[in-house]
Amino acid sequence: MFIPLHDANSLKHIKLQYVTIGLIAANVIVYLFTSLGGENFSNAAVVGLGYIPSTIYDLVERPLDLVIVPDYATYVTYSFLHADLFHLGGNMLFLWVFGDNVEDALGHVRFLVFYLLCSAAGAVVHGMIAPESTAPLIGASGAIAGVVAAYLILHPRVKVWILAFARIPLRIPAFIVLALWIIFQFVMLAAGGEDQISWAAHVGGIIAGAVLVPIMRRRSVPLFDREIVPPRSVEIEEPATPRPVPAQPAPRWGRQ
């Protein structure tokens, strides 16, 4: 639909978005580690760390030799796995462009918690829509969708450079492109879009991001780019010093 390139939105509360950078680095490292290990190793990682709804709902059991973490941990671990470079690159590009300002608005620790909660919410909705699925869910799309929703609520009027249809450079307000992106996710979920994409995970992340960002943001950070105007000080005018009344000559009849 579109590729984000850059937003003219400087950081106001932090010097460096090191949680965003750390998440990108973690995703890249996990991808390199799993892909360089060969196809068998990669498949084992996907089954062992991916989110499988049917195992969560106790409909099937994960093979014992592929159990890497408890089932409940896969609500998060799945989001650090990616199918290929395009899958990884697309998610990390969204996180790079929009994650820094959300981290700035929430703070480092709360942004990390926010990201993981959006990831878990994506898995929850995916599992609710397809509880009998035995296919592992992987990818950071649910968490990224939460970041996109948060950015839209925080900075809808910021101008963003994008490539529309992957080829046309445009600089437009964030609310236009991000709102259209979010609506597209809901439409595709309702229409039962491509099987290879979990639109339910995207919607789950969007809902979580929209609900969490007003709660987790710094108190001084406004929503929807509203400006916080400090109350005007009331100036109290000091009473003017009365002028001395010039002495008047006494009337004749008042003289001794």
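**Exercise 1.** Work out how the lining residues of the second largest pocket divide by class.

*Solution.* Begin with the classes: Ala, Val, Leu, Ile, Met, Phe, Trp, Tyr, Cys and Pro count as nonpolar, Asp, Glu, Lys and Arg as charged, and the others, Gly among them, as polar. On that basis the lining of the second largest pocket divides into four nonpolar, three polar and six charged residues. Next, take the space in this pocket, which is about 240 Å³; of its 13 lining residues, Lys12, His155, Pro222, Asp225 and Arg226 are the closest to its centre.

A pocket here is an open set of points on a 1 Å grid over the protein atoms alone, where a 1.4 Å probe fits, with protein on both sides within 12 Å along at least five of seven lines, and lining residues have an atom within 4 Å of a point. A volume is the space filled by probe spheres set on the points, which are joined across faces, edges and corners.

The model is predicted, with local features needing pLDDT of at least 70 and side-chain atom pairs pLDDT 80 or more, while totals for chains, interfaces and linings use all residues. Residues are numbered from 1 along each chain as its sequence is written, and side-chain values use heavy atoms, without hydrogens and water.

**Exercise 2.** Find which helix gives the most residues to the lining of the largest pocket.

*Solution.* The largest pocket holds about 1,200 Å³ of space, and its lining has 26 nonpolar, 14 polar and three charged residues. Helices are DSSP runs (H or I, at least four residues), numbered from the N terminus. The answer is H5, with six residues.

Definitions and conventions
Helices (H or I, at least four residues) and strands (E, at least two) are DSSP runs, numbered from the N terminus.
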